[in-house]
Amino acid sequence: MADRYLSFTGTAPGRFLTRRLGLPQPAQLRRDALTGGLLHLTAGKTDLDLASVLDRTGLAPDTDGHPAAVVLDATGVRDVDTLAEVHAALHPVVRSVATSGRVVVLGAPLDPADHHHQAAAQQALEGFTRSLGKEIGRGRTVNLVRLTDAPAAESTLRFLLSPASAYVSGQVIEVGPAAGSPTAVPDDAELPLAGRTALVTGAARGIGAAVAGTLAGRGARVVVLDVPQAGQEARRLAERLGGTALALDITATDAGERIAAAVPGGLDVLVHNAGITRDRRLANMPAERWSSVLDVNLASVLRTTDALLAAGAVNRGGRIVATASIAGLAGNAGQTNYGASKAGIAGLVRSLAPRALAGHGVTVNAVAPGFIETKMTAAVPLFIREAGRRMNSLGQGGLPLDVAETTAWLAHPASGAVNGQVVRVCGQSLLGA
Ligand SMILES: NC(=O)c1ccc[n+]([C@@H]2O[C@H](COP(=O)([O-])OP(=O)(O)OC[C@H]3O[C@@H](n4cnc5c(N)ncnc54)[C@H](O)[C@@H]3O)[C@@H](O)[C@H]2O)c1
């Protein structure tokens, strides 16, 4: 369903009228290209060598004072005094960051062994990032990356400093050390997934269809899985993408085995996207509404992941991306079943990630969409839908493409150091942290 308010405020009379009435002024997000250069700043004394990584983002150094992207290396912030350098670095430039521009703050990993002054100063970067994200406006995003070395974080920095992350803001992303992260394919390869097989569940429509399309666009052979009732849509999409369709209800007890049989060469990317809602307040919720949501959204994800890992059907260096939701992280009235299932996804990711990586370089992450313009959200009553759209720092809903691009970053062969993360694609929704 089109966001008519966003289109209206994009016209001159619309802008005039809504400004006079004091109504929100969401910016048209740029999903094609960032316009402007890159400004690299530091706060505190840093050991990070970012030059070559930033060079490869394709953004030239800023020369006209209107950067499209600002990277602030704050890994050297150790106490409240050096924290003041964060203010000193960004205060003079923040106003001039281009519309739909990017601010990326780099922080050090949090280590319980750190001195408590350092711990306080590094944690302070999170409050700083999230607050700046809420006030910066004009479609600009602000994110924090905690990292130990620049090469391991290259794919993440390229994503956050590109149009692909248009709807990702207010996030804290941890990137581990490079060890154990297969980076056989260069991060700037045009078809990083060439020769790889990706399976997307619930891919006949909505977010899943966009994910399948984006992964195919990066070179993957895609398997479009959906329920038999959606078989025709799935087949049509698979044909268009040069992939195959798999008609399968993911709740079938043997779903994992049937997927393994359908991909004899194994899977390089597994995207658990299928999901349903059956909303009711707990007091009115029959057991069937509870169990159907828990079965599709969580139990089947656990079951198929276990079966595929046990069968050795997830290849070395594989990427598992599951789908949570901000409703699961923040809680939502009428969605105890859905919220439980999606919070369960975050638990699965955090628990399995270290073991899968240690085993054979498989990473396990989740995307947590906020309000995304799909059939699922088009079915939401008008006033709740309008509130869902506007109640985030970017003042609008995201597109399936925004979730797809985030998934493609996590699925990238060079993203092996990104593991166990739950990344919200929500325009920094006011729901939850
Ligand atoms: N749209 C949003 O704003 C939003 C927000 C947060 C999270 N999500 C999550 O993103 C995912 C995709 O959402 P969407 O909006 O595209 O939903 P959608 O309803 O448009 O599409 C879901 C797809 O999953 C398929 N599916 C459902 N049950 C299945 C099963 N048992 N086996 C196989 N396929 C099955 C459906 O047939 C459908 O094609 C879901 O997990 C959803 O919970 C969506």
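The legends below describe close-up views of a predicted model.

**Figure 1. Overall fold of the predicted model.** The protein contains 15 helices and 12 strands. Its radius of gyration is 21 Å, close to the 22 Å that the globule rule gives for 433 residues, so the protein is as compact as a globular protein of that length. Along the principal axes, the C-alpha trace spans about 60 × 55 × 40 Å. Of the 433 residues, 52% are buried. Among contacts with a separation of 6 or more, 75% join residues 24 or more positions apart.

**Figure 2. The two domains and the side of domain 1 that touches domain 2.** The domain assignment gives domain 1 as residues 31–174 and domain 2 as residues 197–425. Taken over C-alpha atoms, the centres of domain 1 and domain 2 are separated by 29 Å. Contacts between them involve 19 residues of domain 1 and 17 residues of domain 2. On the domain 1 side, the elements that give two or more residues are α5 (116–136), α6 (154–160) and β5 (172–174). Helix α6 supplies the largest share of that side, with four residues. By residue class, the domain 1 side divides into eight nonpolar, seven polar and four charged residues.

**Figure 3. Strand β5 at E174.** E174 lies in strand β5, one of the elements giving two or more residues to the side of domain 1 that touches domain 2. With 19 C-beta neighbours inside 10 Å, E174 counts as partly exposed; the cut-off for a buried residue is 20 or more. Leaving aside residues up to four places away in sequence, E174 touches P109, R146 and Q421. N392 is 218 residues from E174 in sequence, and the two C-alpha atoms are 23 Å apart in space.

Figure 4. The shell around the ligand has 27 residues, of which G202, G206, I250, G275 and M376 come nearest. Helices α7 (206–217) and α13 (375–378) each supply at least two residues of this shell. The shell divides into 12 nonpolar, 11 polar and four charged residues.

**Figure 5. The largest nonpolar core.** In soluble globular proteins, nonpolar side chains tend to be buried together. The largest nonpolar core of this model has 127 residues, and A212, L215 and V224 have the most contacts inside it. Helix α12 (residues 336–360) gives the most to this core, with nine residues. Both domain 1 (31–174) and domain 2 (197–425) give residues to the core, so the core lies between them.

**Figure 6. Contacts of L215 in the core.** L215 is among the residues with the most contacts inside the largest nonpolar core. Which residues does L215 touch, not counting those up to four places away in sequence? They are L193, A198, A220, V222, V269, A408 and A411.

**Figure 7. L38 in strand β1.** L38 is placed in strand β1 (residues 38–44). This leucine is buried, with 22 other C-beta atoms within 10 Å. Residues up to four places away in sequence aside, L38 touches L54, T57, L59, P61, D62, P67, A68, A69 and V71. The C-alpha atoms of L38 and K375, 337 residues apart along the chain, are separated by 37 Å.

**Figure 8. Positive phi at R138.** R138 is a residue other than glycine with a positive phi, near 50°. The residue sits in the loop between α5 and β4 (141–146). R138 is partly exposed, with 13 other C-beta atoms within 10 Å; a residue with 12 or fewer would count as exposed.

**Figure 9. Positive phi at Q428.** Q428 is not a glycine, yet its phi is positive, at about 60°. Its place is in the segment after β12 (422–425). Is Q428 buried or exposed? Q428 counts as buried, because 24 C-beta neighbours lie inside 10 Å.

How values were computed: Residues numbered from 1 in each chain as written. Predicted model: local features only at pLDDT ≥ 70, side-chain atom pairs only at ≥ 80, totals over all residues. Domains from an automatic or database assignment. Contact = placed C-beta atoms within 7 Å. Nonpolar A, V, L, I, M, F, W, Y, C, P; charged D, E, K, R; others polar. Near = placed C-beta within 6 Å. Core = buried A, V, L, I, M, F, W, Y, C linked by C-beta atoms within 7 Å. Rg over C-alpha atoms; globule rule 2.2 N^0.38 Å.
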